[in-house]
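Welcome! Please take a look at the sequence and the structure below, and then let us walk through a few of the features together.

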Amino acid sequence: MTTVTIERLGQQGDGVARGPIFVPLALPGEVVSGTIEGDNLIDIRIETPSSDRVSAPCPHFRSCGGCQLQHANDDLVANFKRDTVITALAVHGIETEVRPTLTSPDKSRRRATFTARRTKKGALVGFHARKSDAVIPVPQCILVTPALAAVPALAEALAMAGTSRKAALSVTVTESIEGLDVSVTGGKSLDGPLRISLAALCETYKLARLTWDDELVGMRIPPVQALGAALVVPPPGAFLQATQHGQDTLTALVQEVVGDAKSVVDLFAGCGTFALPLAEKAEVLAVEGASDMVSAMDAGWRKAQGLKKVTGLSRDLMRRPLLPDELAKFQAAVIDPPRAGATSQIAELAKSKIPAIAHVSCNPQTFSRDAATLIEAGYVLEWVQPVDQFRWSAHVELVGAFRLTHTR
Ligand SMILES: C[S@@+](CC[C@H](N)C(=O)[O-])C[C@H]1O[C@@H](n2cnc3c(N)ncnc32)[C@H](O)[C@@H]1O
């Protein structure tokens, strides 16, 4: 038996003691005992609990792997996420105002992926268990919206219709204004009889849209998302901010940075999450790699009333970033790359004279690396706002406000 004191939370939300020894579900300051296995402590007993420890609000927390931090109070989680950002910035010697974390409420995740398996008696639906492939049913999950709480019955029916006993279905569900938008992978190949069964399920469960391995099986009604004043039908499985609260928060922050700019370039624009609301006041060039997302944004913009021009451009920004002469006409830029960041596009932005850049990121490490490039080029990082759309996980997103304060 070994006794250790937890010094901090690690990147996955585990407690970390000197060594490092990783202790799941332990909090900073706690004294815990257990058996060391590799660099983990197992058979853990909390000897001295932290005053920040709380009873998990979800009954599934002990077994479900969907959440990592429900045993900590809200302040500890919010400060942990803010500290993660501060630490990542410090690696590059960057100091700036890091605002307190803004957190989405419970029951607000509008998009989630459930696993569905056939069993001897029927089907099992839920999320993966902590660090395991086992499926844990989550009928009282407090993460997802009430509309998604209805998914298990649907996913069971999908598993019964479309998978063998050995396979597991991956059922990604997004709440839209018109009903659930469901995208399934990992099932049987789509043949005539399966197509008929799935179309019937689409009706029974009043789904907006059902796709099976990227093939459209049924669309009762287009699964519309409101992006500012525009209504957009994203392609199946397309990126969408995880909560409405997160989308609204990020959009307001981007608008704060962009200010009164009359021409904006939105890089890694998706279906227009930022471009379309910004078009209420500015002309926008929205650049995105996936051409079907650009088409979806364009269709939404064309039907919306009162927006300024939004021009969609499909381009691989990693291989062919926008160059300084292409960036020259914009008064502000928004950039929201995937987790890996956007080294090549940031290098070109660093050479540009765009006065304001709103950098949205889901990875404080790559954000800090890219921030260092912009700062080196003369930009000032005025503030960073951590945003928590993945409540009770170790994940954090952020917006950074960059301004060019002098002419180079
Ligand atoms: C984090 S998402 C942000 C999307 C959008 N800003 C939003 O908030 O909905 C990143 C986007 O980058 C796009 N993307 C990924 N790789 C790309 C590339 N090489 N060139 C251009 N866009 C890319 C993805 O399709 C995705 O839409």
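## A sheet and its order

In what order do the strands of the open sheet of 7 strands lie? The order is 10-9-8-11-12-13-14, with mixed pairing. The edge strands are strand 10 (135-136) and strand 14 (215-219), and each of these pairs on one side only. Here strands (E, at least two residues) are DSSP runs numbered from the N terminus, and two strands pair if DSSP finds at least two bridges between them.

This is a predicted model, where local features need pLDDT of at least 70, side-chain atom pairs count only at pLDDT 80 or more, and totals for chains, interfaces and linings use all residues. Residues are numbered from 1 along each chain as its sequence is written, and side-chain values use heavy atoms, with hydrogens and water left out.

## Strand 8 and its neighbours

Let us follow strand 8 (residues 111-118). It runs antiparallel to strand 11 (residues 168-176), and 7 bridges join the two. One of the residue pairs here is arginine 111 with threonine 174, its bridge partner in strand 11.

Strand 8 is also joined to strand 9 (residues 123-128), again antiparallel, by 4 bridges. The two strands form a hairpin with 4 residues between them. In strand 9, leucine 124 is the bridge partner of arginine 117, while alanine 123 is the bridge partner of arginine 118.

## Around the ligand

Now for the ligand, which sits in the second largest pocket. A pocket, on a 1 Å grid over the protein atoms alone, is an open set of points where a 1.4 Å probe fits, with protein on both sides within 12 Å along at least five of seven lines; a molecule sits in it if more than half of its atoms lie within 2 Å of its grid points.

There are 17 residues around the ligand (a heavy atom within 4 Å), and Gln241, Thr273, Glu288, Asp316 and Leu317 come nearest. By class, this shell has 9 nonpolar, 4 polar and 4 charged residues.

For aspartate 316, the distance to a ligand nitrogen is 2.8 Å, and for aspartate 336 it is 2.9 Å. Taken alone the ligand exposes 590 Å², and the protein buries 85% of that (areas by the Shrake-Rupley method with a 1.4 Å probe).

Terms used: Polar contact = N/O pair within 3.5 Å; in protein donor to acceptor, adjacent residues only side chain to side chain. 1 Å grid on protein atoms, 1.4 Å probe; cavity = no way out; pocket = protein on both sides within 12 Å on 5 of 7 lines; lining within 4 Å. Nonpolar A, V, L, I, M, F, W, Y, C, P; charged D, E, K, R; others polar.
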